[in-house]
Amino acid sequence: MQQQAIITVKDLRTYFYSDKRCNKVLNGISFELYKGRTLCVVGESGCGKSVTASSIMQLLPKLSRIESGSITYHAPDGDIRIDLLERNGKEMRSLRGADIAMIFQDPMTALNPVYTIGYQIGENLKYHTTLDKDARRARTLELLTQMGISTPEKRIDQYPHEFSGGMRQRAMIAMAMSCNPKVLIADEPTTALDVTIQAQIFELMEKLKTEHDTAVMLITHDMGVVSELADDVAVMYMGNIVERGSVKEVLKHPAHPYTSALLRSIPVLHKGKNQNLQPIRGSTPDPYDRPKGCQFGPRCDFFCEKCNEMPPESPVCEGHSVRCWNADQVYGSAVKAGSESER
Amino acid sequence: MRNTLQYVLKKLLLMIPMVLVITFLIYWGLDLTPGDPISYMFSPDQLANIDPQKLAEMRELYGLNDPFFIRYLKWLWQLLQGNFGYSITNGVAIKDLLAQLFPATLELSLAALLISTVLGSVLGILSALKKGSVGDNLLTVAGMIGVSIPQFFFGMVCIVVFALNLGWLPIGGRTAPGMTGALAHLKFLILPASVLGISLTAGVMRYARSSMLDTMNKDYIKTARAKGLPEWRVNLVHGFRVSLTPVVVLIGFRLPTLIGGSVVIETIFQWPGIGNAFKTAVTGQNYPLVMMIALFSVLAVLMASFLVDILTAILDPRVKLE
């Protein structure tokens, strides 16, 4: 099956500056987002997941910049190099909210408290469509109905504080989907919500993805979500994508020691209390005092001389690549273990 | 809606006991100060030569010999009948006096309020948006100086520079004999209004800046940017609109002091307003006038806090009047 890439990120480096120190938050990451597919980006806090999203949206904080690499948006009428656009320039603004939309982590704080839900959704339409006032209201009502909000006629004129958490996130999604974006970036959209609401929100996103053929980039640290929703997965550690590929491949046969350690540290439902959970030893390094070479080196069981140099991204098999010198060993044991458990 | 009505009624009813207590305290304070209006009416030499019998008669005539509580009740009774009393020093009806003083003070206050609100908000927003820049630092220093310099000093410096040295504007007063037309009148207003306005600007600016900084760090600002809105709309429609509330509260609480008249500015610029009259009335122990001005100030404070409550509820939908 030939996939159509909608966003290509190549060797992206984003650095943050503070007091003459430099935090190399993203240190050369590459990935693609495909039409109608969900890419889950996983990794621990501070590994650069959100910065990746912000880089694509050009919503980085003031004291940071894209140092090198490229972000290309394959628009219907020709490619656009997002990284070369002026941050708040006209072209970037015309992409934001229209072609590329974003949902944030905490719906409690992501909506402006002094405007009605209808106004805030309508604002998006006002700037990206030619609809007049009545048409915008009609479209907003339609969106709210699609998002499964009951009595939208009443809800549209209510303020965010009159909405529950799940409702607010639905409103956020309605806002994001208002212009039928090609790409939807969701930065931990359900972290602030309870589990039953989580499922509903994901169901909604899944439905929208298939209906509109949207490319979804879902940032999460929940492996359950990954196995449930992802088509592709990218595992990040300290500013690198250490492993990426289709979700089946990566979760079944992890080729990077971090991925495999991560999977071993997660409890599995229905396996009972006596699971052998292995936490990853050590702790994340200080971003201002990074280890040489492979960032995971000091915590890795497979550490060797070679690891003092950053390994390049190399393919393991079709659609599965990894940044590790010892990937063959890790991958081999995973495949072996996999085939044993199947037997 | 019914809740709001109940709230308004409750607030208004609560004002009655507050007005009673506060006016009583002011009356009492006035009674405690040494001397009385009679002793102020005559110069000390005259006073020494006047027959004490006559002085006592005069005191009796003005009702100054009653215990102060009785006098307070009498004053209150007259007030409730709509009688504002007469100025002791010149016998003019206080009603007429206030009708003269109030427009002057209102004119000066509104001009100053306009200057400080517009200037303070604009500078505050710019300062917040350009945080850490040279302009921001300059404004911060200017704000500190503005807050620290006493009004009388700033006022006098302005008089020296703009009225005496440059001769651009009149030294003081509200009109000159034979003056007609709003424009000529405006010349008199510029200096006192600017001095009062600028001295109030510093506070508004600091408030607007910190409020704006706080708002611009909120998540919904990022949401607004993610929607692709132009920067002016993010700053003003989403940023400033939210940071407006504390600024409005500040301005609202300043309203009564402005309505009560700025004693310092009105005195320096010889502005024939309430503040100026209040100063003269207090030194002259002209208690009917002092009491009336005090009563209006008290009402202004209470109304202002009431107004602030309502404004906050209008500005922030999360606030409920209950």
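Strands are DSSP runs of E of at least two residues, and helices are runs of H or I of at least four, both numbered from the N terminus. Strand 10 of chain A (residues 240–246) contains Asn240(A). In this predicted model, local features need pLDDT of at least 70 and side-chain atom pairs count only at pLDDT 80 or more, while totals for chains, interfaces and linings use all residues. Residues are numbered from 1 along each chain as its sequence is written, chains are lettered from A in the order in which they are written, and side-chain values use heavy atoms, with hydrogens and water left out.

Asn240(A) counts as buried because its relative accessibility is 2% (buried means under 20% relative accessible area, with a 1.4 Å probe and protein chains only). Beyond neighbours within four places in sequence, its contacts (heavy atoms within 4.5 Å) include Asn27(A), Gly28(A), Gln295(A) and Arg323(A).

**Largest cavity**

A cavity is a set of points on a 1 Å grid over the protein atoms alone where a 1.4 Å probe fits but cannot get out; lining residues have an atom within 4 Å of a point. Grid points are joined across faces, edges and corners, and a volume is the space filled by probe spheres set on the points. Five cavities of 30 Å³ or more are counted.

The largest has a volume of about 70 Å³. Residues of both chains line this cavity, among them Met102(A), Met172(A), Thr223(B) and Lys227(B). Helix 6 of chain A gives the most to its lining, with three residues.

**Second largest cavity**

The second largest cavity holds about 50 Å³ of space. Its lining includes Cys294(A), Cys300(A), Cys307(A), Cys324(A) and Trp325(A).

Technical notes:
1 Å grid on protein atoms, 1.4 Å probe; cavity = no way out; pocket = protein on both sides within 12 Å on 5 of 7 lines; lining within 4 Å. Buried < 20%, exposed > 50% of the residue type's maximum accessible area, 1.4 Å probe, protein only.
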